[in-house]
Structures are given as C-alpha cells and as structure tokens.
Amino acid sequence: MRDMSGDAGGMGAMPMPPPPADHAATKAAAPHKMMGMMHMTFFWGDRAVVLFPGWPGERGAGMYLLCLLFVLALAALTEALALLSRRLARRGEDGGPATAASAALLTAVHAARMGMAYLVMLAVMSFNVGVLLAAVAGHAVGFLFARSRVRTGAARGNVTSPELCGVPPSHASKP
C-alpha cells in the first residue's frame, strides 16, 4: 500500500497561494461584471438596468422612456394574447374534437403569452418604480382594449353578441 501523504506520484497536498498584498488594488484592477450595485428595494430614477445588461443604464432619460414604453407594450400585448387564447379555446369548444393544428396554435399563443408575462415580471424585478408603473399601466391598457366592454362597435350599439366584448355567454337553458 502506498502512502498518499508524500510527494511520490504527485498526490501530495498543494500549498495554498499567498493572499494578495493589497486587496483594494486587486479589486480595482479586476474588471467589473455589473455596472453598479443591484437594488433590492424600490427606487426612483432613470439609471436602471432592465432586462439586459447596460439597458437603459446610463444612456439618459430618452432611453429610459423607451424602456418604459417597451415594458408598457409588453404588458399590453400579454393581455391581448390572453384574449386571443380564450377566443381560440372557445372556438375549439364548438363541437368535435380539436385538430392538431388548432391545438398547436393554442399552445403557441399560450407559450408566447407566458414568455411575455415572464419578461414583464423580470423587468419589474429591476425594482425601478417607473418600470413597475409602466407594467401596471400596460396591463390596464391591454385589459381596457382587449377584455373590457369598450369597443368601437359596442359604443355604437352594433354588437349583437356579448362574446365580442369579452363577456362570457350566458346559457339561459341551464338552471
């Protein structure tokens, strides 16, 4: 049996490298992976990092406003895809079994909706109050246009089916 503590065979213990002489100098020389400190509480300001490294970052108020509009649009589109998903599912309830194509379309719409919802959630996790307000406003605008009763046809009285306004049909035949 061979002794593993010796240097025979290269299996001995290796000495630890000495600690750096000046920790601050080493830290300053190392490249930074993040632009700044990550916030763990809500804060106001246009210097946030949302979804991508350095975006909008320190690029100014114009890029920050573009970021807010992007988050608002993502949230509104999430609500619109929720309506589309419900309509596709309702169309499949008309009778016979669902075809593979309709099931695949419904699955793709659901996956896109979930992907956008998670992107909105990740944007809100930047803890920037402006991004939070943009996400809430986007969901509200999306709900207003996609699922509330506000429609151009409904305002003129041209709508005969409440399903077109996002209202589920009432079944008078059921008690």
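**Exercise 1. Classify Arg-147 by accessibility and describe its salt bridge.**

Step 1. Arg-147 has 23% relative accessibility and therefore counts as partly exposed; the classes are buried under 20% relative accessible area, exposed over 50%, and partly exposed in between (1.4 Å probe, protein chains only).

Step 2. The model is predicted: local features need pLDDT of at least 70, side-chain atom pairs count only at pLDDT 80 or more, and totals for chains, interfaces and linings use all residues. Residues are numbered from 1 along each chain as its sequence is written, and side-chain values use heavy atoms, with hydrogens and water left out.

Step 3. The partner of Arg-147 is Glu-79, with the closest N and O atoms 2.5 Å apart. A salt bridge here is a side-chain nitrogen of Lys or Arg within 4 Å of a carboxyl oxygen of Asp or Glu.

Step 4. Glu-79 lies in helix α2 and Arg-147 in the loop between α4 and α5 (152–156), so the pair ties together parts that are 68 residues apart in sequence. Helices (H or I, at least four residues) and strands (E, at least two) are DSSP runs, numbered from the N terminus.

Step 5. Glu-79, at 12% relative accessibility, counts as buried.

**Exercise 2. Find the salt bridges that share partners, and state which residues they join.**

Step 1. The count of salt bridges comes to three.

Step 2. Arg-47 pairs through its side chain with Asp-46 at 3.9 Å, N to O. The side chain of Arg-47 also meets that of Glu-58, at 3.3 Å, N to O.

Step 3. Arg-47 and Glu-58 are eleven residues apart, and each lies in the loop between α1 (23–29) and α2 (61–92).

Step 4. Asp-46 is partly exposed because its relative accessibility is 27%. Arg-47 is exposed at 57%, and Glu-58 is exposed at 55%.

Step 5. Through shared partners, Asp-46, Arg-47 and Glu-58 form one network.

**Exercise 3. Describe the largest nonpolar core and the elements that supply it.**

Step 1. A nonpolar core is a set of buried Ala, Val, Leu, Ile, Met, Phe, Trp, Tyr and Cys residues joined through side-chain atoms within 4.5 Å. The largest one has 20 residues.

Step 2. The members that touch the most others are Val-50, Leu-68, Val-71, Val-120, Ala-123, Val-131 and Ala-135.

Step 3. Two or more residues come from each of α2, α3 and α4. Helix α2 gives the largest share, eight residues.

Step 4. Leaving aside residues up to four places away in sequence, Val-120 touches Val-71, Leu-74, Ala-75, Thr-78, Ala-135 and His-139; contact means heavy atoms within 4.5 Å.

**Exercise 4. Locate the nonpolar surface patch and place Met-125 in the chain.**

Step 1. Patches are made of residues with over 30% relative accessible area and no salt bridge, with like charges joined within 9 Å and nonpolar side chains (Val, Leu, Ile, Met, Phe, Trp, Tyr) within 5 Å.

Step 2. The patch consists of Tyr-118, Leu-119, Met-121, Leu-122 and Met-125, with about 480 Å² of accessible area together. Accessible areas come from the Shrake-Rupley method with a 1.4 Å probe; for residues, only the protein chains shown count as cover.

Step 3. Met-125 sits in the loop between α3 (100–124) and α4 (129–146). Its relative accessibility of 45% makes Met-125 partly exposed.

**Exercise 5. Summarise the protein chain as a whole.**

Step 1. The chain has five helices and zero strands.

Step 2. Of its 175 residues, 23% are buried.

Step 3. The chain exposes about 12,700 Å², and carbon and sulfur atoms supply 69% of that area.

Step 4. Among contacts between residues at least 6 apart in sequence, 56% join residues at least 24 apart.
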